[in-house]
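Please read this briefing alongside the sequence and the coordinates. The points below are grouped by topic, so that each can be followed residue by residue.

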Amino acid sequence: MTNDRALWAGFMKSAEMFTGRPAVVAEGKTLTYEELRERACRIAATIQAYQDASATPLTAVFAYRSPTAFAGVLGSLLAGNGYVPLNRTFPVDRTQVMFARSECDAIVVDAGSLPQLDKLLEESQKSLRILLPDVQSVETLRKQWPRHTFAGSNDLAASSDWREPEARPNAIAYLLFTSGSTGIPKGVMVAQRNVTAFLDYMVERYGITEKDRLSQMFDMTFDLSVFDMFVAWERGACVCCPSQKALIKPGSFVQEMELTVWFSVPSTAIFMKQLGMLKPGRYPTLRFSLFCGEPLPVSSASAWLEAAPNSILENLYGPTELTIACTLYRWDPVTSPDESELGIVPIGYPYPGMGVLVADETLREVGRGEEGELLMNGPQMSLGYWKDSEKTAAAFVVPPSKKDVYYRTGDRVRRPLGNGPLTHLGRIDFQVKILGHRVELGEIEAAVRKACGSDGVLAIGWPATPSGYGGVEVFIEGESKDLDGLRSTVASGLPDYMVPRRFHFMGKLPRNVNNKFDRKAVIHLLEEGL
Ligand code: AMP
């Protein structure tokens, strides 16, 4: 199979072969392949009807866990565009920045996200096309916003008007914004060929068939959601999406949906273990249990396997820039405990065609058994950061003694001895994982500096959990300020999981011998019970 095919091609083939089978469950509704194709093709045809050659080849999808979210993703791709997922659970100011930076001309919006649309329209310099498949009458919106074009459910083009888009070698699949250390989210451009290379390996490895039912625990603003949708659709399987409410009862969801493939961050397993949801034998329908996104503790893997005894458990690893996941490790109860380091399951072996370099600070390969930064390249290496050649050049580099570009992951790993697996040891920078979400502490510091006017700000991941951190606390140099005001200003620009739980004011922040702010000293204060 070649990975130059369009990302939508697998779905369309499944829609031919498995017309009446379920493609997605969302908001408690099941859509068959035929129904999802119909909705997606109508969205695609409507985008195509308006789009001219000069338009940005991206469509924003402002939809959350709804049938329109899934139809919007497919519709954007079928129109020949990449999709830009937007999330109404983020502060609208942040969504607005992402939307403006993407320069999208068109946006698909579901009913639940509609109340936040005004903010995006108010700030937009462009004349936008807004597709509202869940809304019948858009007359009021047309009157309110004469500058923009609206298409409600009755105005969408017929699915038969859809035309197969022209193939382009670097066509974008999605543009995903991740936390940026300088305070502005970075847009990672992932090409369709990156994703199809990933999918080819995954669907074969897991032997996915039309009988499978996959979880969708990830929001679409997290790239791991791409696995759920497209692995399922490549082979006629069903992706089962819990509502925001059902997300807090993942055990019942597995049982009610009779899931066969589970995919989540390890934090979910840790949470389920704490709440007694991992009783032995509880999830017999699962044949694969997959984790990714943050370190997987050995104890969580063992507990999960007892609860899902018929499943094979794998730990996947990868940054957004290397397309979803690029190394993996199959857990073996006999050999894995010895292969694990620091109580964390190894990240394993690279995906087919992916090159690995474990390097020191000069980007030269370290010796076997030594630790260094993980650099990788190959068919899953993304196109870089949207409209940011500087950041792209800093992260996508040609190491000395190499001829090809590699992506610097910033992850600290051990170069294996012999044929052993790669083990993950931590980060070389100030990126942390908070309940699986990627967070640059620098971005939180920038938001707090702006809100309080002090230059001395340190953000610390706290408390530590087995897989990352439970939250963030900040230390601010200066006089104590109006805390409620500060918190609400900071919260207006950051998603919930990035908002500091506590703000500590100090006359002077501790400094190290080089007169830099001393993180270790501040962490020590927290350890002492501050
Ligand atoms: P994201 O781009 O949000 O997927 O975050 C990527 C980062 O998450 C990686 O660079 C790692 O630091 C971390 N990560 C992802 N998967 C794993 C894993 N299996 N074990 C340890 N860290 C992981």
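**Surroundings of L120**

Leaving aside residues up to four places away in sequence, L120 touches F62, L86, T95, Q96, F99 and I107. The model is a predicted one, and the values quoted throughout are computed from it.

- L120 belongs to helix 5, which covers residues 117–123.
- With a relative accessible area of 1%, L120 is buried, because buried means under 20%.
- A100 is 20 residues away from L120 in sequence, and their C-alpha atoms are 8.1 Å apart in space.

**Ligand site**

- The ligand is surrounded by 18 residues, and the closest are L316, T320, D411, K433 and R438.
- An N or O atom in the side chain of D411 lies 2.5 Å from an oxygen atom of the ligand, while for K433 an N or O side-chain atom is 2.9 Å from an oxygen atom of the ligand.
- A nitrogen atom of the ligand is 3.0 Å from a polar side-chain atom of N315.

**S340 and its loop**

- S340 sits in the loop that connects helix 12 (336–339) with strand 16 (349–350), and at 14% relative accessibility this serine counts as buried.
- A polar atom of the S340 side chain lies 2.9 Å from the backbone oxygen of S336.
- Not counting residues up to four places away in sequence, S340 touches V298, W331, V345 and P346.

- Three strands form an open sheet in the order 25-28-29, and their pairing is mixed.
- Strand 25 (457–461) and strand 29 (502–506) are at the edges with a single partner strand each, so one side of each has no neighbour in the sheet.
- Direction ignored, neighbouring strands of this sheet are turned by 20° against each other on average.
- Strand 28 (residues 472–477) pairs with strand 29 in the parallel sense over five bridges, and E477 stands opposite M506 of strand 29.
- Helix 15 (residues 483–491) packs on the sheet, where it touches strand 28 and strand 29, and its direction makes about 125° with that of strand 29.
- Helix 14 lies across strand 25, strand 28 and strand 29, and runs at about 140° to strand 25.
- Helix 14 (residues 441–452) consists of twelve residues and reaches 16 Å from its first C-alpha to its last, close to the 16 Å expected at 1.5 Å a residue.
- The buried residues of helix 14 are L441, G442, E443, I444, E445, A446, V448 and C452, and the helix is followed by G453, whose phi is positive, near 75°.

**Backbone details**

- Most residues other than glycine have a negative phi, and most peptide bonds are trans.
- I324 has a positive phi, near 70°, and is found in the loop between strand 14 (312–317) and strand 15 (327–330); at 0% relative accessibility, I324 counts as buried.
- L435 also has a positive phi, near 45°, and its place is in the loop between strand 23 (431–434) and strand 24 (437–440); with a relative accessible area of 45%, L435 is partly exposed.
- The peptide bond from W462 to P463 is cis, with omega near -5°, and P463 lies in the loop between strand 25 and strand 26 (464–465).

Conventions:
Residues numbered from 1 in each chain as written. Predicted model: local features only at pLDDT ≥ 70, side-chain atom pairs only at ≥ 80, totals over all residues. Heavy atoms only, no water. Helix = DSSP H or I, 4+ residues; strand = E, 2+ residues; numbered from the N terminus. Expected span 1.5 Å × (residues − 1). Buried < 20%, exposed > 50% of the residue type's maximum accessible area, 1.4 Å probe, protein only. Pairing = 2+ DSSP bridges. Axes fitted to C-alpha atoms, helices over the stretch in contact; angles between N-to-C directions. Contact = heavy atoms within 4.5 Å. Near = heavy atom within 4 Å. Polar contact = N/O pair within 3.5 Å; in protein donor to acceptor, adjacent residues only side chain to side chain.
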